[in-house]
Amino acid sequence: MKFFVDTADIAEIQELASTGLLDGVTTNPSLIAKSGRQFLDVIAEICDIVDGPVSAEVAALDYETMLAEGKKLSKIADNVAVKVPLTWDGLKTCKALSDEGIMVNVTLCFSANQAMLAANAGATFISPFIGRLDDMNLEGMDLIHDIRQIYDNDPDVETAILAASIRTANHVKDSALAGADVATVPPAILKSLVQHPLTDKGIEAFMADWAKTGQKIL
Ligand code: G3P
């Protein structure tokens, strides 16, 4: 399972990238708006910090403009993954960009049928939105299971399942169990994954006993 962080906050990205454990970044128009910064500048900065894929979403809804926006975004850096919505125009754009060797993340996926179309359009990533399905009292995780099974049935599918709209640490674990290849996780949840009270308690006991030995390693 690879971990992407779902944010446009440069400080958070820097902090997480410094661990060496960050595989990529996803942004969306809402996260860019929250950053209060210029979209193209933020994406360029993120691409300088992180070597892995950095998703940058088109703003247009029609094929021609989406394609032009996607090409412009892809020129920012080699690791830009152009993010397009799951519509016919988005899929057409995905096909055109992926035919040119540009990474594409097809976003706002809420059904297995949509995920099949995205794979056929050559998507690098499909982004099923777990939390937003849960919000509707549906079982978001079932979608990851279904897509995994469908993709595994077709040896030609190369699309990676990128679990998105992650709201809890359990969403991360359950996505991995369901066969997602990547989870894009908000910074606070990503940082919380390391925490366990028994780890803290164990460290406390080991430190107390170590102090009694009076020894030093360095
Ligand atoms: O990047 C897309 C996705 O992760 C959004 O999550 O919490 O707004 O549904 P959320």
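Here are some questions and answers on the ligand site and pockets of this predicted model.

Q: How far is a polar side-chain atom of asparagine 28 from an oxygen atom of the ligand?
A: Polar contacts here are pairs of N or O atoms within 3.5 Å. The side chain of aspartate 6 has an N or O atom 2.6 Å from a ligand oxygen, and for serine 165 the side-chain value is 2.6 Å too. For asparagine 28, the distance to a ligand oxygen is 3.2 Å.

Q: What percentage of the ligand's exposed area does the protein bury?
A: Start with the ligand taken alone, which exposes 310 Å². Of that area, the protein buries 81%.

Q: Which pocket does the ligand take up, and how much space lies in it?
A: The ligand's space is the largest pocket. As for volume, that pocket holds about 420 Å³.

Q: Which helix gives the largest share of the lining of the largest pocket?
A: The lining has 27 residues, with Asp6, Thr7, Asn28, Leu31 and Pro186 nearest the pocket's centre. At least two lining residues come from each of helix H1 (10-17), helix H2 (29-35) and strand S5 (103-109). With four residues, the largest share belongs to H2.

Q: How many nonpolar residues line the second largest pocket?
A: This pocket has about 220 Å³ of space. Its lining is Phe3, Leu16, Thr19, Leu21, Leu22, Leu190, Lys191, Leu193 and Val194. By class, one of these is polar and one is charged, and the nonpolar count is seven.

Terms used: Residues numbered from 1 in each chain as written. Predicted model: local features only at pLDDT ≥ 70, side-chain atom pairs only at ≥ 80, totals over all residues. Heavy atoms only, no water. Polar contact = N/O pair within 3.5 Å; in protein donor to acceptor, adjacent residues only side chain to side chain. Areas by Shrake-Rupley, 256 points an atom, 1.4 Å probe, with all protein chains shown as cover. 1 Å grid on protein atoms, 1.4 Å probe; cavity = no way out; pocket = protein on both sides within 12 Å on 5 of 7 lines; lining within 4 Å. Sits in = over half its atoms within 2 Å of the grid points. Points joined across faces, edges and corners; volume = space filled by probe spheres on them. Nonpolar A, V, L, I, M, F, W, Y, C, P; charged D, E, K, R; others polar.
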